[in-house]
There are 2 protein chains.
Amino acid sequence: MAKKEKYALGVDLGGTYIKLGIVSASGRIKKKLSVDTKVNEGPAKIISQIKKGIKELLNKNKLNIQGIGIGSPGVVTVKKGIVENPPNFPGWGKVNLGRIIEKEFKMRVHVENDANAAAIGEMIFGAGRRIDSFIMITLGTGVGGGIILKRKLYRGEFGAAGEIGHITINHKGLKCNCGSYGCIETYAGNNYLISRVKEQLKQNRDSVLWNEADPDLSSLSPRVISEAVDAGDIFALSVVNDLGEYLGAAFASVSNLLDVSTFIIGGGVAGFGEPLFESIERTVKERVLTPLSPRVKVKAAKLKNDAGIKGASALVFYKS
Amino acid sequence: MAKKEKYALGVDLGGTYIKLGIVSASGRIKKKLSVDTKVNEGPAKIISQIKKGIKELLNKNKLNIQGIGIGSPGVVTVKKGIVENPPNFPGWGKVNLGRIIEKEFKMRVHVENDANAAAIGEMIFGAGRRIDSFIMITLGTGVGGGIILKRKLYRGEFGAAGEIGHITINHKGLKCNCGSYGCIETYAGNNYLISRVKEQLKQNRDSVLWNEADPDLSSLSPRVISEAVDAGDIFALSVVNDLGEYLGAAFASVSNLLDVSTFIIGGGVAGFGEPLFESIERTVKERVLTPLSPRVKVKAAKLKNDAGIKGASALVFYKS
């Protein structure tokens with residue numbers, strides 16, 4: 001019985017850890033582990049770390065594994081499995097990761113950009129299982145995105161589509177890491193968010209977030225803000241509400257352009273939960289063109305801690 | 001010989017005139033005419049005006065006509081040929097225009113939203129003939145759009161995609177007709193543009209656009225601005241440059257989202273010509289993510305005066 005069930009091996013390649021797992025076709029993690037990326041020791045070392053992790057997982061297993069999926073930062077040429085210049089991977093350049101792993105393990109390997117893998121993960125295992133078309137947004141240091149249209153990942157002309165973080169909501173806004181101005185990432189990316197809140201706290205010293213003992217507010221984090229929201233802190237709630245309005249403005253542009261009305265939100269800041277989702281949904285409904293408004297839905301991603309592993313595994317089931 | 005060439009009959013349904021023409025597969029207009037829409041006399045009258053125009057065009061012709069294409073304002077359910085609530089068509093509601101015309105003339109009829117028809121027109125006959133994926137933007141009272149992905153019109157979940165005019169570039173900007181704020185239409189739509197220029201002219205009385213004799217500037221129009229640009233007027237040039245920067249900011253969002261890098265611009269304001277296109281292209285290149293930047297291209301639409309008729313005819317050749 002167990003042998004018949006189909007499995008995939010998912011590899012979530014991160015800048016600090018490589019997380020790996022064996023995942024069933026129904027999305028259960030059978031076995032998982034994590035190895036250091038050793039990102040500063042160069043691509044050969046990173047590749048050997050990936051191999052090491054895979055070997056360890058495959059060791060003694062008798063599962064029916066259909067293939068290996070890898071979610072990687074950087075630009076990925078999917079057909080060839082080439083990963084180009086992941087940010088913060090010094091000396092990487094261009095590596096045909098797909099072929100290298102395929103050769104080593106004699107298994108089909110699917111490589112995809114990590115934001116796209118997250119979208120496929122939600123489609124196959126998560127909140128998008130019964131949704132034809134949706135936009136997946138991952139809120140973290142950056143704001144990542146993936147576009148699912150009629151159960152297919154939309155990649156664009158050269159595989160670079162889905163950069164929702166770089167939709168501008170204020171063309172004269174703050175300078176973004178990408179070089180443009182007022183991208184939604186400059187409102188919703190963790191670092192931007194935290195530095196904005198620090199600034200605003202100076203005017204909101206009655207908030208529980210204000211800490212006399214730590215005037216630099218070095219311990220401020222999305223999690224701390226989230227706890228303050230749960231404690232009913234009015235300022236913290238206004239922060240989350242504003243964040244929802246910023247995101248909602250960007251998502252309304254996306255809906256008007258693509259006529260897609262479901263947004264699935266994952267990543268750390270998504271931990272703000274219902275207050276955030278409500279603010280986003282209300283804003284999108286207010287801002288989109290009238291015929292679209294009743295259809296707008298904002299949902300929490302279902303894959304939480306193991307989203308990376310499950311997204312990578314989903315590549316195998318999506319493909320096959 | 002003439003009999004072998006394929007033709008289509010194109011109907012451009014406007015609020016004032018219905019323009020009709022017989023167009024060859026290579027995009028030549030063989031015969032054309034125009035009838036009053038009589039929009040205030042209700043849908044039955046409008047339909048009879050459409051029929052009248054078609055009859056007159058078909059009269060005595062011996063051309064090999066493959067079908068009828070209709071470009072219409074409003075929401076169009078393409079498969080069924082239903083046109084819903086075109087703005088400024090009082091009492092229209094929902095009309096199965098496709099079936100009505102098909103029944104009358106025993107020919108295949110293709111109905112499409114006019115902005116989408118313009119995109120298909122450029123793909124089949126115009127500036128998009130050799131381009132795989134592009135965004136078509138029509139600048140007029142509104143800012144219309146159509147998305148061509150891999151030689152197919154992208155319609156979205158319910159046929160409402162392509163509303164580029166309602167991408168926001170300033171989430172706290174001017175209120176738009178659509179109910180949202182800071183949509184690109186509030187920067188680039190004719191009326192918004194003219195009223196902004198009137199306001200700015202008070203501070204720019206050395207511009208040739210400033211008219212002592214007409215302090216209300218009631219004769220100000222995109223055409224007048226365009227002539228001032230040609231005459232080297234610095235203020236007029238700054239107006240066009242700003243307009244390009246506004247449009248460029250919106251288009252950069254579109255490129256980052258869709259990984260599509262060619263923009264084809266048509267409609268009245270496109271008459272600003274090279275100074276506008278240069279400003280747009282420079283802005284998009286500056287704002288999009290680095291890998292996309294070298295591919296960005298902004299082109300003028302090729303179908304000018306008869307764009308509506310040709311776009312409608314193109315629906316027939318696109319389908320067949």
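1. Ile265(A) pairs with Ala300(A), its bridge partner in S13(A). The two strands involved, S12(A) and strand S13 (residues 297-300) of chain A, run parallel and are joined by four bridges. Pairing here requires at least two DSSP bridges between two strands. Helices (H or I, at least four residues) and strands (E, at least two) are DSSP runs, numbered from the N terminus.

2. The model is predicted: local features need pLDDT of at least 70, side-chain atom pairs count only at pLDDT 80 or more, and totals for chains, interfaces and linings use all residues. Residues are numbered from 1 along each chain as its sequence is written, while chains are lettered from A and ligands numbered from 1 in the order in which they are written.

3. S12(A) also pairs with strand S9 (residues 134-139) of chain A. Five bridges join S9 to S12(A), and the run is parallel. Ile135(A) has Phe263(A) as its bridge partner in S12(A). S12(A), helix H8 (residues 274-287) of chain A and S13(A) form a right-handed β-α-β unit. Right-handed means that, with the strands pointing away from the viewer, the path from the first strand over the helix to the second runs clockwise.

4. How many residues of strand S12 (residues 262-267) of chain A are buried? Six of the six are, so S12 is largely enclosed by the rest of the structure. Both faces are covered. Thr262(A), Ile264(A) and Gly266(A) lie on one side, with Phe263(A), Ile265(A) and Gly267(A) on the other. The cut-offs count other C-beta atoms, placed from the backbone, within 10 Å of a residue's own: buried is 20 or more, exposed is 12 or fewer, and partly exposed is in between.

5. Three bridges link S5(A) to strand S6 (residues 82-84) of chain A. Val76(A) has Val83(A) as its bridge partner in S6(A).

6. Chain A is assigned domain 1 (6-123 + 306-319) and domain 2 (129-300); such bounds come from an automatic or database domain assignment. The domain centres, taken over C-alpha atoms, are 27 Å apart. Their contact takes twelve residues from domain 1 of chain A and 14 residues from domain 2 of chain A. Contact means C-beta atoms, placed from the backbone, within 7 Å. On the domain 1 side, H3(A) gives the largest share, seven residues. By class that side has nine nonpolar, two polar and one charged residues. Ala, Val, Leu, Ile, Met, Phe, Trp, Tyr, Cys and Pro count as nonpolar, Asp, Glu, Lys and Arg as charged, and the others, Gly among them, as polar.

7. The contact between the chains takes 31 residues from chain B and 31 residues from chain A. Helix H7 (residues 234-258) of chain B supplies the largest share of the chain B side, seven residues. That side divides into 17 nonpolar, ten polar and four charged residues. Of the interface residues of chain B, 100% are also interface residues in chain A, so the copies meet through the same surface.

Methods. Two residues are in contact if their C-beta atoms, placed from the backbone, lie within 7 Å.
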